[in-house]
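Look over the structure below before you read on.

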Amino acid sequence: MSVTVRVPAKVNVQLAVGAARPDGFHDLANVFLAVGLYDEVTVTARQPGSGPRVTCEGPDAAQVPLDGTNLAVRAAEALAARHGISPDVHVHIAKDIPVAGGMAGGSADGAGALLACDALWGTRASRDELLDICAELGSDVPFSLVGGAALGTGRGEKLRTLETGGTFHWVFAMASRGLSTPAVFREFDRLAEGRDVPEPVASPDLLTALAKGDADALAAAVSNDLQPAALSLFPELADTLAAGRAAGALATLVSGSGPTTAFLVRDAESARKVAEALRTSGTCRSVRTASGPVAGATVL
Ligand SMILES: C[C@@](CO)(OP(=O)(O)O)[C@H](O)COP(=O)(O)OP(=O)(O)OC[C@H]1O[C@@H](n2ccc(N)nc2=O)[C@H](O)[C@@H]1O
Ligand SMILES: Nc1ncnc2c1ncn2[C@@H]1O[C@H](COP(=O)(O)OP(=O)(O)O)[C@@H](O)[C@H]1O
């Protein structure tokens, strides 16, 4: 028997970052929007006592670790440990979310494997237990489970669902290489040396724009405190942002810790135009269009 779960990518429409905490993490006001680029995670029972196995297919599959560090394997092991089960499961990831791109692909696989194993094993974990395990796996993993739009506080794992009044259209440009999330936070700290870092707070204008489904107002309110750090480590991203702006995007930003760049556009037609301009700009590896909000991890 197999169970397949579909899990979306995310873009951060606001990422406000506070000073480094004693535990090395940063307090955030992290406004997530789930967008329709998906990984599919399929779990299948294995021989008792054989343990977990993970395989991956897709354009970026070669960059995905196939050992115990894979977030999907860690999710299966965490659920099994809590319920006294042996994690004898084959996890297969059909990966469409770019790897190390700031779109939470690994987090998506963690949330997907967790939900899939819960269904496969009949563990019937409560939503709260699933969210607890997600938060243990990583700051972004709870949002991958929940989807839609949400404000993440703490290190991003404490979620409040946000109302959205419509669909937002996006173009995403994938970069020629990845960026490491810890390295981008370190660069944020380096750039912040010697100045006061304010407490991170969600922008009221941004929350209103989301609630109204108003793309122009959202464009005026998006922000990412990690963007200067991502650009410092990967200066060529400025060329991609400029190409999208010149093509008519309403707003341009680095997605989370990057290096994927995100372009908010008015509608599907505008998305096609901006995508085509980015494709021919020579400033990125590939281009995708997607809209959101979409549902979080869903059993197919
Ligand atoms: C920046 C964001 C924005 O949504 O995502 P990406 O853009 O990378 O996908 C997240 O905060 C990433 O979340 P996630 O990728 O789950 O990070 P974790 O595994 O929890 O942490 C990886 C490392 O990132 C840094 N980190 C992460 C979250 C946070 N609030 N403060 C941090 O300083 C720490 O150095 C930590 O060791
Ligand atoms: N299932 C997974 N898919 C992708 N990367 C994973 C996975 N599990 C662990 N990783 C590790 O997490 C790193 C960050 O990957 P990813 O989640 O795709 O990017 P980001 O944190 O920028 O959104 C990868 O470089 C890889 O080493």
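A residue is buried if 20 or more other C-beta atoms lie within 10 Å of its own, exposed if 12 or fewer, and partly exposed in between, with C-beta atoms placed from the backbone. This is a predicted model, where local features need pLDDT of at least 70, side-chain atom pairs count only at pLDDT 80 or more, and totals for chains, interfaces and linings use all residues. Residues are numbered from 1 along each chain as its sequence is written, while chains are lettered from A and ligands numbered from 1 in the order in which they are written.

Q: Is Arg 124 buried or exposed?
A: Arg 124 lies in the loop between α2 and α3 (127–137). Helices (H or I, at least four residues) and strands (E, at least two) are DSSP runs, numbered from the N terminus. Arg 124 has 9 other C-beta atoms within 10 Å, so the residue is exposed.

Q: What is the phi of Ala 100?
A: Ala 100 sits in the loop between β4 (89–94) and α2. The residue is buried because 20 other C-beta atoms lie within 10 Å. Ala 100 is not a glycine, yet its phi is positive, at about 55°.

Q: What average pLDDT does the protein chain have?
A: pLDDT is the predictor's confidence in each residue, from 0 to 100. Here 100% of the residues score at least 70. The protein chain averages a pLDDT of 97.

Q: Which element gives the most residues to the shell around ligand 2?
A: A residue is near a molecule or strand if its C-beta atom, placed from the backbone, lies within 6 Å of it. Of the 19 residues around ligand 2, those that come nearest include Ala 100 and Asp 109. The elements that give two or more residues to this shell are α1 (71–83) and α2 (105–121). With 4 residues, the one that gives the most is α2.

Q: How many residues of the shell around ligand 2 are charged?
A: Ala, Val, Leu, Ile, Met, Phe, Trp, Tyr, Cys and Pro count as nonpolar, Asp, Glu, Lys and Arg as charged, and the others, Gly among them, as polar. The shell around ligand 2 has 9 nonpolar and 9 polar residues. The number of charged ones is 1.

Q: How many bridges join β7 to β10?
A: Two strands pair if DSSP finds at least two bridges between them. Strand β7 (residues 168–174) and β10 run antiparallel. Phe 172 has Ala 262 as its bridge partner in β10. The bridges that join β7 to β10 number 5.

Q: Which residue in the turn of the β9 and β10 hairpin has a positive phi?
A: β9 and β10 run antiparallel and are joined by 4 bridges. Their hairpin has 6 residues between the strands. In the turn, a positive phi of about 55° belongs to Gly 256.

Q: Which residue does a cis peptide bond join to Pro 259?
A: Pro 259 lies in the loop between β9 (251–254) and β10. The omega of this cis bond is about 5°. The partner is Gly 258.
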